[in-house]
Amino acid sequence: MNLARNVSTADFQRLDAAHHLHPFTDTRQLNAEKSRVMSKAHGVWLWDTDGNRYLDGMAGLWCTQIGHGRREVADAVHAQMMELEYSNTFFKTTHPPAARLSEVVAEVTPDGLNHVFFTNSGSEANDTVFRMVRYYWQLQDKPAKQIIIGRKYGYHGSTVAASALGGMDGMHKQAGMVPGVHHITPPHWFDFGGDMSREDFGVWAAKELERAIDELGEENVAAFIAEPIMGAGGVLIPPDSYWPEISRICSEREILLVVDEVICGFGRTGKWFGSDTYGLKPDLMPIAKGLSSGYLPIGGVMVADRVADVLIDKGGEFYHGYTYSGHPAACAAALENLRIMREERVVEHCAEEAAPYLQEKWRSFADHPLVGEARMVGLFGALELVPAKPGRTERFDPVGAVGTIARDFSFANGLIMRAVRDALVISPPLVITREEIDQLAKLVEKTLDDTL
Ligand code: PLP
């Protein structure tokens, strides 16, 4: 069924304004400006109901690794639905796609992560983490270990526990905080580095974790949660010195390391996982997004053998789960997505072809008068917009105003980028070609010039 047929864009906008409350949206403002109505997608391109074409510089919401419109995924989901559209994974039951997918994710994730708890989203994965780490420490006869340390600007989702683990003040102010979560400074040199060199700051920011553990008491701290590169916080790439120091602290202190790979996972940083890029050994690893390239909602928590052994041997029943944990159709979509990624060497294409080519162009944007920093790892980058160069101390007033203007110019130019404060962020499908990167770079250049 083509929902767009015989109905005008204005009709959809009217329905939307009358009934639809959008995520992360000022509805009054949206209703004044009207929604864009997207109706079709293929490869790295999206079309709206008026026929305008956009280059999807955000891979949907950091998820469409294999690009849009792959018929094989639709066929796999269709076949699964005709065979078994739903069966739960509770009560001593499984089904072929969930069992197969659990093996495949164990194969592609870093060594030692051989168990998965399926969820429908990254938020649910992080709510699962919240409950699982506390349960783990109870089983280890350390029930006081309850506090989870996260980071300011971190994003781990919108459900109650996930939003608390994240470090987005606005979210905490609107709905309150869950007790037992503590936030430390993120490794974002551009905003927080002061006079320190990048690498000195990386060590300083990592040692914040050690200081927090000392302050809170190691006997009370359950885990540290972090994204390898912070995504929704503005693609904040840590200095090289950061992760080795964090890894040292986590291995010397008795706390679990939770590496949130919801964005970084499945090739975004040029390796299968951000943990591979930074040499991390997660105890728990939330995944979602690129797991199915967004074709259907699915997420999960990868659990390291050393943690799974405790949960399985000592745990009994874990009172936790979702009706759609391991939904057959979602598992089928994920399985086909991962087959495509492996057989078509999508991660290798990102690492060897697309990322080096885009990164070279990206670096050249640092010469633009509006750009204070141009950063990118894999196909995951940001341009920090500043009012004056050189220097990192000046900011637009109010913060975010220029980012939003630039984002709107980008859209008008036919490129979807996102603004986080005054950073323009980019995360295109991993299958993007050189020719498409040339087009993307031209649109970024035009957007910067329009904003100036
Ligand atoms: N974790 C990270 C790092 C994310 O970026 C996101 C979403 O952007 C989430 C968790 C939440 O995932 P979801 O929106 O699927 O609930």
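Predicted model: local features only at pLDDT ≥ 70, side-chain atom pairs only at ≥ 80, totals over all residues.
Two strands count as paired if DSSP finds at least two bridges between them. One spot to look for is Trp45, which stands opposite Leu55 in β3.

These two strands belong to an open sheet of 3 strands, arranged in the order β1-β2-β3 with antiparallel pairing. At its edges sit β1 (38-42) and β3 (53-55), and each of them pairs on one side only. Going from one strand to the next, the twist averages 30 degrees. As a bit of background, strands of a sheet pair through backbone hydrogen bonds, either parallel or antiparallel.

How far can the model be trusted? The chain averages a pLDDT of 96, and 98% of the residues score at least 70. For the complex, the predictor gives an ipTM of 0.99 and a pTM of 0.97.

Another open sheet has 4 strands, in the order β11-β12-β14-β13, and here too the pairing is antiparallel. Its edge strands are β11 (371-377) and β13 (418-420), each pairing on one side only. Neighbouring strands of this sheet are turned by 20 degrees against each other on average, if direction is ignored. Between β11 and strand β12 (residues 380-385) there are 6 bridges, and the two run antiparallel. Within this pair, Arg375 stands opposite Ala382 in β12. Helix α16 (residues 401-413) packs on the sheet, where it touches β12, β13 and β14 (423-426). The direction of α16 makes about 175 degrees with that of β13.

Next comes strand β4 (residues 113-119), which is mostly covered, with 5 of its 7 residues buried. Strand β4 is joined by 6 bridges to strand β10 (residues 299-304), and the two run antiparallel.

Which residues come nearest to it? Of the 15 residues around the ligand, they are Ser121, Gly122, Ser123, Gly157 and Val262. Helix α6 (residues 122-139) gives the most to this shell, with 3 residues. Sorted by type, the residues of the shell divide into 5 nonpolar, 8 polar and 2 charged.

Conventions:
Residues numbered from 1 in each chain as written. pLDDT = per-residue confidence, 0-100. Near = placed C-beta within 6 Å. Nonpolar A, V, L, I, M, F, W, Y, C, P; charged D, E, K, R; others polar. Axes fitted to C-alpha atoms, helices over the stretch in contact; angles between N-to-C directions. Contact = placed C-beta atoms within 7 Å. Buried ≥ 20, exposed ≤ 12 C-beta atoms within 10 Å, placed from the backbone.
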